[in-house]
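Welcome, and please open the model in your viewer with a selection panel at hand. We will go from stop to stop, and at each one you will hear what to select and what is there.

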Amino acid sequence: EPLRIATEGAFPPFSEINANGEVVGFDIDIAKALCAKMERECEIIAMDWDGIIPGLVNDKYDAIVASMSITEERKQTVDFTNPYYSNYLVLLAKKGSGLTVDGIAQQAVGAQRASISSSWAEEQVGARGDLRLYDTLTASFTDLEAGRIDSIVSDYFPALDWLKDHPDFEVVGDRIDIGDQIGIAVRKDDAELRDALNVALEGIVADGTYSQISTGYFGTDIH
Amino acid sequence: MELLGFGAEGWGDDLLRGAALTVQLAVVSLAIGLTFGMFLALAKLSRFAPLRWFAQGYTLFIRGVPEFLILLLAFFGTEKAVAAGAALLGLEGGIEVPKFAAAVGGLSAIFAAYGCEVIRGAWLAVPNGQIEAGHSVGLSRWQIFYRIRLPQLWRIALPGLGNLWLVMLKDTSLAAVLAIDELLRVAKVAGEVTRQPLMFLLAAGAIYLLLTAISDKMRASFEARANRGMAR
Amino acid sequence: MSADAIIDVRDLHKSYGNLEVLKGISLTARTHDVISLIGASGSGKSTFLRCLNLLEIPTRGEVFVHGKRMPLSDPDPSRGERRVTSERELREIRTHLGMVFQQFNLWSHMTVLQNVIEAPIRVRGMARAEAIERAKDLLDRVGLSAKVDNYPSQLSGGQQQRVAIARTLALDPEIILFDEPTSALDPEMVGEVLAVMRDLASEGRTMMVVTHEMGFAREVSTEVVFLEKGKVGERGAPEQIFGDPQTAACKQFLNKVL
Amino acid sequence: MSADAIIDVRDLHKSYGNLEVLKGISLTARTHDVISLIGASGSGKSTFLRCLNLLEIPTRGEVFVHGKRMPLSDPDPSRGERRVTSERELREIRTHLGMVFQQFNLWSHMTVLQNVIEAPIRVRGMARAEAIERAKDLLDRVGLSAKVDNYPSQLSGGQQQRVAIARTLALDPEIILFDEPTSALDPEMVGEVLAVMRDLASEGRTMMVVTHEMGFAREVSTEVVFLEKGKVGERGAPEQIFGDPQTAACKQFLNKVL
Amino acid sequence: MSLYQDLKYAISDGVCYAAQGVTPEGFAAYCPRYIDGFLVTLELLLLSSALGLMIGTLVAVARVSRQRALRTAAWAWSYVFRGTPLLVQLWIVYYGLGSLGPEKLGILWPFFKSGWAVGLAVLTINTSAYIAEILRGGIGTLPPGQLEAALSCGMSRGMAMRWILLPQAFRVAWPAYGNELILLMKGSALVSTITVMDLMGQTRSVFARGYSLETYMYSAVLYALLALLLTAGLRAVEKRLRVA
Ligand SMILES: Nc1ncnc2c1ncn2[C@@H]1O[C@H](COP(=O)(O)OP(=O)(O)OP(=O)(O)O)[C@@H](O)[C@H]1O
Ligand SMILES: Nc1ncnc2c1ncn2[C@@H]1O[C@H](COP(=O)(O)OP(=O)(O)OP(=O)(O)O)[C@@H](O)[C@H]1O
Ligand SMILES: [Mg+2]
Ligand SMILES: [Mg+2]
């Protein structure tokens with residue numbers, strides 16, 4: 001039976017839905033490459049971010065390839081493969097806003113709900129700071145553009161992708177390295193699948209498939 | 001505007017598919033919810049106190065908790081509950097609840113909780129004399145129920161049930177949290193992909209209004225049928 | 001109990017909570033009897049009638065219909081509540097005891113014809129065609145053959161009450177109970193219904209009638225029973241009750257309504 | 001128009017769609033007149049009364065109250081619909097034309113006292129204390145001083161109708177219109193209300209009464225008007241109408257109800 | 001404003017401190033968040049129900065007006081806001097209209113900028129549409145004689161509406177209004193999708209930390225508690241409204 005893989009669908013360029021209603025993006029291509037390597041049939045399922053981990057735990061699917069950060073909290077609930085890329089956070093704001101990373105506690109800052117960036121932002125501004133949480137990253141971009149918020153804490157690659165069409169905005173300061181590693185989540189009792197995925201991951205890196213996919217999206221190998 | 005068209009580039013066909021799914025969800029949930037609601041109403045009217053308490057507790061809970069939480073619980077909670085129940089009986093395993101079934105389960109659970117109040121009210125609104133007349137000619141309890149009570153109850157309950165139907169038609173949009181591609185989720189995705197959220201939300205709103213108008217028409221014709229013989 | 005008694009009521013009591021509404025009423029009706037029950041509002045007339053076919057369960061006392069005891073458990077002195085011991089038997093007896101209500105209580109979702117054939121078909125298992133034929137005869141008798149397919153709401157009060165009478169007659173009951181059958185009617189329609197009732201009386205139907213129409217009671221009854229606060233205050237032939245009432249209460253009541 | 005006419009109705013017509021319910025009625029009431037309107041159901045009695053204070057807009061014809069024309073636009077022959085030309089004037093005139101309804105129409109969310117003081121305070125701008133004092137007098141007169149703080153639902157029908165009369169009297173109208181004021185009452189309560197109405201008549205109130213109580217009409221009226229199918233079928237002194245009706249229709253009607 | 005904010009924080013800190021020993025561990029760890037959210041939900045609910053009642057009453061009166069244009073406008077109001085999902089309304093106003101940005105929206109921008117304000121306005125309008133319908137129904141069930149009696153006493157239609165019809169319609173409509181209030185409470189959970197940190201918003205944040213369904217159970221209990229409070233309040237008012 002096919003391997004069921006969940007992804008999100010609102011996190012370009014890693015995953016998004018095109019006009020034909022198909023989920024496409026880096027995550028999907030990686031997932032497909034992994035499946036090919038494992039010689040298994042795959043089924044890609046789009047889930048809302050909010051329910052993506054409970055869905056895995058409840059056996060709605062077998063793995064999550066959705067640019068998910070490996071965190072201690074998540075490790076309580078699920079297992080992760082080895083990382084398939086490293087993520088950094090960035091602060092996005094309008095050009096010439098004069099904001100600094102240290103000063104975000106004083107502003108209205110946005111982030112995607114239930115993401116590594118929201119956890120980090122929350123630590124910075126405190127539980128009662130003006131942190132606006134969005135169901136999707138795209139929604140937070142919309143609000144930044146509209147001027148409802150001063151800045152966004154975002155993952156690095158999606159931010160770069162978005163900045164391509166939004167020249168009025170920029171990354172504030174340096175990218176923030178919080179040692180964030182992105183992995184594939186599997187159920188805790190599913191060590192077999194985790195190991196198989198790890199082997200396959202090594203395989204596609206070794207045979208250059210990974211590099212080819214990555215260059216297609218980002219111009220470089222992000223592994 | 002092309003974005004609303006059909007074909008590969010347009011989202012029109014996706015929106016229509018979403019609308020069809022919305023209607024499907026609502027219709028199936030209506031059928032199940034109505035049946036369950038009838039039983040709840042009977043429970044509330046029962047002389048057996050524990051049944052009444054159960055029905056009261058159930059409606060209190062459903063009416064008290066946000067719908068979208070109920071859907072989440074239906075999706076994630078039922079399997080846990082079934083598994084736990086099975087374990088209690090010493091059995092292995094459980095069931096898998098597909099998303100559509102979970103949404104139907106949640107929506108019909110909600111419909112039943114509200115519908116039972118409408119049905120109960122209608123039950124009581126059937127004039128007692130009508131029932132007594134049945135007794136006095138020797139009809140049995142069951143005959144009185146389905147020959148006299150039910151047809152009249154239906155007539156009285158229709159407007160209230162019609163309102164609940166409209167509420168449910170809109171509540172199907174909550175199934176989006178289960179990532180079911182009903183109308184609203186399609187509109188939301190399309191809006192994000194095309195960067196035209198307003199247009200697609202308006203389009204979805206217009207489709208909901210259309211569905212509402214059709215429902216109202218159908219309800220009116222049902223009511224006209226049920227009211228035949230009634231003074232205006 | 002006299003041998004030809006159709007209905008025989010013995011020491012009927014009825015309480016609602018602490019309120020004793022009927023305080024021991026005994027009464028016998030024979031074939032061809034037309035008994036009028038009169039009395040002030042609240043004296044228990046309706047309650048009495050409704051106890052006869054167990055729409056209300058009497059607290060104490062028995063009702064015999066055609067010598068058959070109404071299927072009630074013995075009164076339980078500790079709880080004062082009685083049960084129906086056989087639903088089937090009760091239903092059977094009820095078909096011999098027709099009841100015509102003040103508010104007609106026609107089934108509003110059925111046409112006139114459907115109202116009349118319902119019980120014969122469902123209760124007696126009569127064939128539909130036969131039930132319809134008989135119903136049409138009955139509706140003809142009460143002057144409503146033209147209204148067969150109308151709904152109750154399309155009829156005047158008087159017409160509705162005549163349909164209600166036809167519905168009751170459809171089971172051909174031995175005795176018909178009427179609870180103020182004309183008091184929900186406009187003055188102009190009272191006449192129609194009284195005329196039908198007179199007909200029934202003159203063909204020898206046994207009837208028990210709660211009424212405010214003293215003219216009718218005087219003219220049609222074989223016996224008038226005056227209820228006072230849940231008891232029989234006075235009873236007798238109509239000439240006697242209306243011409244020469246014995247008790248002060250009855251005199252006073254008649255003064256007020258005549 | 002006679003100089004002392006309080007209300008003067010000229011050629012009143014009223015249609016609902018194609019159904020002409022009133023077909024030209026003229027009528028004058030002078031001070032101390034008590035005019036009874038009788039007629040079969042559907043003959044247009046209520047409609048006539050309701051046209052007088054424009055609860056229904058007459059299709060044609062005029063109504064003068066104290067010589068003042070009811071503020072209606074001229075009938076537009078093409079559309080047949082007339083408008084009220086001055087709401088203010090209409091309200092003013094309505095306070096001179098009290099109306100007592102068959103169904104009482106007491107305001108159910110107000111106590112008896114509040115029902116009676118509402119209009120004087122809101123419409124006349126009377127001081128609250130004064131309104132209460134007058135209301136209590138009026139309620140005393142109709143025998144309800146003990147019920148001042150009760151709600152309508154706590155009163156018997158007869159009591160409710162007496163409150164309704166007090167409410168109407170509170171504005172001290174020149175003429176009071178009664179639409180079958182006793183026909184929604186139990187037989188035992190009719191007397192109470194008729195007694196109050198007799199009182200009003202004997203103190204010289206001008207009244208126009210639609211009624212089924214022929215005894216009252218005969219005894220109290222100064223004039224009886226028999227309506228037949230939207231027209232005045234016959235009119236005259238009570239002795240004449242009841243003793244020696246001229247038209248066949250009136251005879252037949254009286255035979256039926258007496 | 002910030003004083004008010006501090007007061008709310010103080011309340012939830014106080015409540016959590018007091019409840020420390022008796023609440024389950026999973027709840028206690030995030031207690032101030034739940035209560036912060038609870039207070040926002042409560043505040044939205046009270047404001048929108050009060051404002052909605054006022055607007056809804058006006059719409060209901062317009063709905064039975066003799067002026068055709070008014071009637072039609074009121075009908076359209078009810079139809080559109082009852083005929084589309086609350087979520088759609090929230091998003092159209094917040095993401096849709098809001099994306100026009102400060103230049104196009106001008107002085108309206110401060111309103112559109114705030115998720116809280118948009119949430120409050122949409123909840124208010126939405127509930128007003130339902131209330132109007134409920135009240136109209138209430139007015140419709142009154143016997144026509146009530147109005148006629150008022151008119152024949154010389155009252156104007158407006159006076160009759162104000163003193164006779166509306167007070168009675170409120171009594172008739174109260175139970176239905178109670179239902180609407182509960183529905184409004186639950187609908188209010190959707191404002192979490194436009195960045196408002198109401199009870200649902202907070203719950204979802206807490207959930208993101210542990211992915212434990214327990215989180216949702218606590219918030220379900222809080223919502224049910226609020227529903228219970230509302231129901232009790234409604235009952236109390238109903239008792240006072242009912243004429244003995
Ligand atoms: N279900 C009940 N619960 C309590 N009391 C009742 C009930 N039904 C009737 N009563 C009381 O029993 C008494 C007799 O009522 P009943 O209806 O038999 O009087 P009635 O003689 O038919 O009067 P009416 O002429 O007004 O119809 C009344 O005091 C009434 O209030
Ligand atoms: N709003 C209306 N629309 C259409 N027809 C009406 C309306 N009101 C009254 N009618 C018709 O007008 C006629 C006269 O009615 P009205 O109520 O004036 O009679 P009435 O003499 O008062 O009768 P009753 O003694 O039964 O009260 C009736 O045929 C009635 O059906
Ligand atoms: Mg009675
Ligand atoms: Mg009339």
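A residue is called buried here when its relative accessible area is under 20%. Keep that cut-off in mind for the opening stop, and note that this is a predicted model.

**Stop 1: one leucine in chain E**

Select E:L181, which sits in helix α10 (residues 157-187) of chain E. Is E:L181 buried or exposed? Its relative accessibility is 9%, so E:L181 counts as buried. Now show the neighbours: leaving aside residues up to four places away in sequence, E:L181 touches E:L45, E:S49, E:L230 and E:L234. E:G26 and E:L181 are 155 residues apart along the chain, and their C-alpha atoms are separated by 30 Å.

**Stop 2: the whole of chain E**

Which elements will you see, and how many? Chain E has 12 helices and zero strands. Along the principal axes, its C-alpha atoms fill a box of roughly 65 × 55 × 35 Å.

Colour the chain by burial next: of the 244 residues in chain E, 55% are buried. Taking contacts in chain E between residues at least 6 apart in sequence, 71% join residues at least 24 apart.

**Stop 3: how the chains meet**

Show every chain in its own colour. Six pairs of chains are in contact, and among these pairs chains B and E share the most contacts. Other pairs stay apart. Chain C and chain E do not touch, with their nearest C-alpha atoms 19 Å apart. Chain A and chain D have no contact either, and their closest C-alpha atoms lie 49 Å from each other.

**Stop 4: a helix in chain B**

Select residues 183-194 of chain B, which form helix α7. This helix has 12 residues and reaches 16 Å from its first C-alpha to its last, close to the 16 Å expected at 1.5 Å a residue.

Why can α7(B) be described as largely enclosed by the rest of the structure? Because 10 of its 12 residues are buried. Among the buried residues are B:L183, B:L184, B:V186 and B:V189, and the list also includes B:R185 and B:K188.

Now bring in the surroundings, which come from chains A, B and E:

- From chain A, the buried residues of α7(B) pack against β3 (15-17) and β5 (42-46).
- From chain B, they pack against α1 (12-45) and α8 (197-226).
- From chain E, they pack against α5 (86-96).

B:E182 caps the N-terminal end of α7(B), with a side-chain oxygen 3.0 Å from the backbone nitrogen of B:L184. Just after α7(B), B:R195 takes a positive phi of about 60 degrees.

**Stop 5: ligand 1 in chain C**

Centre the view on ligand 1 and show the residues around it: C:Y16, C:V21, C:A40, C:S41, C:G42, C:S43, C:G44, C:K45, C:S46, C:T47 and C:E180. By class, this shell has three nonpolar, six polar and two charged residues. Helix α1 (residues 45-52) of chain C gives the most to the shell, with three residues.

For C:S46, a side-chain N or O atom is 2.7 Å from a ligand 1 oxygen. C:G44 uses its backbone, where an N or O atom lies 3.0 Å from an oxygen of ligand 1. On its own, ligand 1 exposes 640 Å², and the protein buries 58% of that.

**Stop 6: ligand 2 in chain D**

The residues around it include D:Y16, D:S41, D:K45, D:T47 and D:E180. Helix α1 (residues 45-52) of chain D gives the most to this shell, with three residues. A polar side-chain atom of D:T47 lies 2.4 Å from an oxygen atom of ligand 2, and one of D:Y16 lies 3.4 Å from a ligand 2 nitrogen. Of the 640 Å² of accessible area that ligand 2 has on its own, the protein covers 59%.

Notes: Residues numbered from 1 in each chain as written. Chains lettered and ligands numbered in written order. Predicted model: local features only at pLDDT ≥ 70, side-chain atom pairs only at ≥ 80, totals over all residues. Heavy atoms only, no water. Near = heavy atom within 4 Å. Polar contact = N/O pair within 3.5 Å; in protein donor to acceptor, adjacent residues only side chain to side chain. Areas by Shrake-Rupley, 256 points an atom, 1.4 Å probe, with all protein chains shown as cover. Helix = DSSP H or I, 4+ residues; strand = E, 2+ residues; numbered from the N terminus. Nonpolar A, V, L, I, M, F, W, Y, C, P; charged D, E, K, R; others polar. Buried < 20%, exposed > 50% of the residue type's maximum accessible area, 1.4 Å probe, protein only. Contact = heavy atoms within 4.5 Å. Expected span 1.5 Å × (residues − 1).
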